[in-house]
Each structure stands twice: as C-alpha cells, then as structure tokens.
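Morning, everyone. Please bring up the sequence and the structure.

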Amino acid sequence: MDDIDRAILSHLGQDARMSVAVLARRLKLARSTVQARLERLETSGAIAGYTLRLGEAARLTRIRATCLLTIEPRAQPAILGRLKAIPAVERVHSTSGRVDLLLQLACASTVELDEVLDQIGNLTGVRSSESLVHLSTKFDRAV
C-alpha cells in the first residue's frame with residue numbers, strides 16, 4: 001500500500017459514497033487509475049466493504065458501554081461463541097495487558113445493559129468483568 005492508496009482510503013473514510021470521478025478529481029488522478037486501485041484494494045481485503053456510519057444523533061437512542069473481561073486460560077473460543085449470540089455485543093477485541101477481551105456494547109436502556117452485563121459476567125470461563133458506560137463521543141476517527 002502506497003501513499004495514493006492511503007489517500008484513497010482516507011477520502012473514502014470521510015465519505016464512502018464518493019464517486020470514483022470525484023475521488024479521481026480530488027486526487028488529481030485518472031478515473032481509470034482510481035478504479036483499478038479500488039478494485040485492487042477490494043480484492044486484497046484492504047477494503048472489506050462500504051457501509052453506513054451512524055452519526056451522534058442516531059446513536060443517542062443507544063446506551064453504549066465497554067466491558068473488560070478477564071477469562072480463564074483456553075476459554076476464549078467458547079466465550080467468543082457465546083458472545084456472538086448476544087445481540088448487544090457489537091465488537092470484541094483481544095488485548096494485551098491486564099484484561100483479555102474488550103467488548104463494545106450497545107443497549108436500548110440501562111435495564112437492558114444491566115441484564116447483558118450480568119449475562120456476560122455469568123458466562124463459564126469469565127473470571128472478572130469491569131464495565132465503563134460511554135457518556136458522550138468527543139470525536140470519532142474510526143474508518
């Protein structure tokens with residue numbers, strides 16, 4: 001991946017609906033060049049898809065939290081399987097450091113969040129959990 005590929009990803013990260021013609025104009029490249037690079041980025045897996053990112057107004061209806069899990073050795077595959085079955089679990093990251101997994105949760109209410117946290121804490125193989133409720137998003141650079 002070179003600087004042009006990174007520029008393409010940066011522009012699409014800001015507006016995934018940007019047409020190839022507009023993207024080519026902004027990068028001062030031929031449309032066919034941009035199209036070929038997009039196809040290569042898609043084929044290589046650098047671009048996994050084009051999606052919608054909800055704005056703060058749409059996210060206000062959801063209570064978001066991060067849950068930090070410490071788990072038993074060799075329990076991760078089974079725990080991941082159970083976490084996939086919980087709709088409120090949006091993302092799971094493995095980590096280095098004092099915790100093993102970092103979960104991103106989204107619930108409709110504090111009651112639902114409390115139930116989900118209890119459900120996660122009661123999973124076989126979970127040693128401990130800590131939750132952090134998100135109060136607001138100050139900025140979001142996620143692509």
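First, a term: contact means heavy atoms within 4.5 Å. This is a predicted model, where local features need pLDDT of at least 70, side-chain atom pairs count only at pLDDT 80 or more, and totals for chains, interfaces and linings use all residues. Residues are numbered from 1 along each chain as its sequence is written, and side-chain values use heavy atoms, with hydrogens and water left out.

Start with Thr 66. It lies in strand S1, residues 63-71; strands are DSSP runs (E, at least two residues), numbered from the N terminus. Thr 66 counts as buried because its relative accessibility is 13% (buried is under 20% relative accessible area, with a 1.4 Å probe and protein chains only). Beyond its neighbours within four places in sequence, Thr 66 touches Leu 102, Leu 103, Glu 130, Ser 131, Leu 132 and His 134. With His 134 there is a side-chain polar contact of 2.6 Å. That term means N or O atoms within 3.5 Å; within protein, one must be able to donate a hydrogen and the other to accept it, and residues adjacent in sequence count only if both atoms are side-chain atoms.

Now the helices (DSSP runs of H or I, at least four residues). H1, residues 3-14, and H3, residues 31-44: their axes come within 11 Å and cross at roughly 85°. Axes are lines fitted to C-alpha atoms over the stretch in contact, and angles run from 0 to 180 degrees between N-to-C directions. So H1 and H3 are roughly perpendicular (65 to 115 degrees). Ile 4, Asp 5, Ile 8, Leu 9 and Leu 12 of H1 meet Arg 37, Leu 38, Arg 40 and Leu 41 of H3.

Key. Buried means under 20% relative accessible area, exposed over 50%, partly exposed in between (1.4 Å probe, protein chains only). Angles under 35 degrees count as roughly parallel, over 145 as roughly antiparallel, 65 to 115 as roughly perpendicular and the rest as oblique.
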